[in-house]
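User: I would like to learn how to read a structural model feature by feature, with the general idea stated before the particular case. Could we work through one together?

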Amino acid sequence: GKPAGDASPAGASGATIKFMPKQCEEARAFVNLGKLLSGGVGDSLDALQTQMLAGMAGKPDADNAKKAEEVAKEAGLTTAAVKEIAFCGNKGKSGLAAISVDTSKLKGKLDEVLQKVIETANGKPLEKKEEDGWTLLTGDKDLFLAVKDDIVLAAPNADELKAGTKGGGDG
């Protein structure tokens with residue numbers, strides 16, 4: 001089981017890295033935003049968040065993107081809530097991102113908040129299903145998300161997402 005003294009699912013640093021596949025051709029970024037942001041810089045990073053949202057939702061039009069940002073802020077899903085991000089990129093449009101979120105300030109469950117934000121951004125409903133303890137959210141084309149507790153996995157196709165939910169290279 002888990003080492004003693006690590007009862008919090010959130011507190012563990014490196015929470016996202018274990019979902020990464022062992023083989024990453026292009027990029028393996030690991031950012032502990034909690035440390036980076038604990039200086040009230042959260043708001044200046046909202047631009048980053050908007051970009052991430054835009055990436056997740058295809059290219060939403062400006063109005064929808066703005067609405068989605070408001071929905072996210074209202075629900076407490078701000079950049080300050082993002083604790084760490086691990087990313088593995090492979091050639092072409094493939095790769096996997098894992099994001100750990102501080103859910104303590106969220107109004108609602110993480111999967112529900114994300115679903116609402118992304119649906120607002122791209123104006124289309126997401127398909128939602130439960131699988132192996134993960135909540136899977138799929139949009140059209142290349143939007144595949146899996147949510148469990150405080151972790152969000154994002155991939156451009158179902159296979160890579162599934163590999164991530166199985167625990168990447170170390171699972």
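User: Is aspartate 111 buried or exposed, and at what relative accessibility?

Analyst: Keep in mind that this is a predicted model. A residue counts as buried under 20% relative accessible area, and aspartate 111, at 4% relative accessibility, therefore counts as buried.

User: Which residue forms a salt bridge with aspartate 111, and how far apart are the closest N and O atoms?

Analyst: As a general idea, side chains of opposite charge can pair when their charged atoms come close. Here the partner of aspartate 111 is lysine 128, with the closest N and O atoms 3.2 Å apart. Because aspartate 111 lies in helix H4 (residues 110-122) and lysine 128 in strand E4 (residues 127-131), the pair ties together parts that are 17 residues apart in sequence. Lysine 128 is partly exposed, with a relative accessible area of 34%.

User: How many salt bridges does the count come to, and which side chain meets that of lysine 83?

Analyst: The count comes to five salt bridges. One of them joins the side chains of lysine 83 and aspartate 150, at 3.6 Å from N to O. This pair links distant parts of the chain, 67 residues apart, with lysine 83 in strand E2 (residues 82-90) and aspartate 150 in the loop between strand E6 (144-148) and strand E7 (151-155). Both lysine 83 and aspartate 150 are buried. Another salt bridge is formed by lysine 105 with aspartate 102, whose closest N and O atoms are 3.6 Å apart; lysine 105 counts as exposed at 60% relative accessibility, while aspartate 102 counts as partly exposed at 23%.

User: How should I read the strands, and why is strand E3 largely enclosed by the rest of the structure?

Analyst: In a regular strand the side chains alternate between the two faces of the sheet. In strand E3 (residues 94-101), seven of the eight residues are buried, so the strand is largely enclosed by the rest of the structure. E3 pairs with E2 in the antiparallel sense over eight bridges, and phenylalanine 87 stands opposite alanine 97 in E3. Four bridges also join E3 to E7, these two strands running antiparallel, and there the bridge partner of isoleucine 99 is valine 152 in E7.

User: Which residues does valine 147 touch, not counting residues up to four places away in sequence?

Analyst: Valine 147 lies in strand E6 and is buried, with a relative accessible area of 5%. With that exclusion, valine 147 touches Leu110, Asp111, Leu114, Gly133, Trp134, Thr135, Leu137 and Val152. The C-alpha atoms of valine 147 and glycine 133, which are 14 residues apart along the chain, are separated by 8.9 Å.

User: What is the pattern of helices and strands along the sequence?

Analyst: The chain has five helices and seven strands, and along the sequence they follow the pattern β-α-α-α-β-β-α-β-β-β-β-α. Of its 171 residues, 42% are buried. Among contacts between residues at least 6 apart in sequence, 61% join residues at least 24 apart.

User: What pLDDT does the chain average, and where should I take care?

Analyst: Where pLDDT is low, the predicted coordinates should not be read in detail. The chain averages a pLDDT of 75, and 69% of the residues score at least 70. Over residues 1-12 the pLDDT is below 50, and this stretch has six contacts in the model beyond near neighbours in sequence. Residues 39-45 also have a pLDDT below 50, with five contacts beyond near neighbours in sequence.

Methods
Residues numbered from 1 in each chain as written. Predicted model: local features only at pLDDT ≥ 70, side-chain atom pairs only at ≥ 80, totals over all residues. Heavy atoms only, no water. Buried < 20%, exposed > 50% of the residue type's maximum accessible area, 1.4 Å probe, protein only. Contact = heavy atoms within 4.5 Å. Salt bridge = Lys/Arg side-chain N within 4 Å of Asp/Glu carboxyl O. pLDDT = per-residue confidence, 0-100. Pairing = 2+ DSSP bridges.
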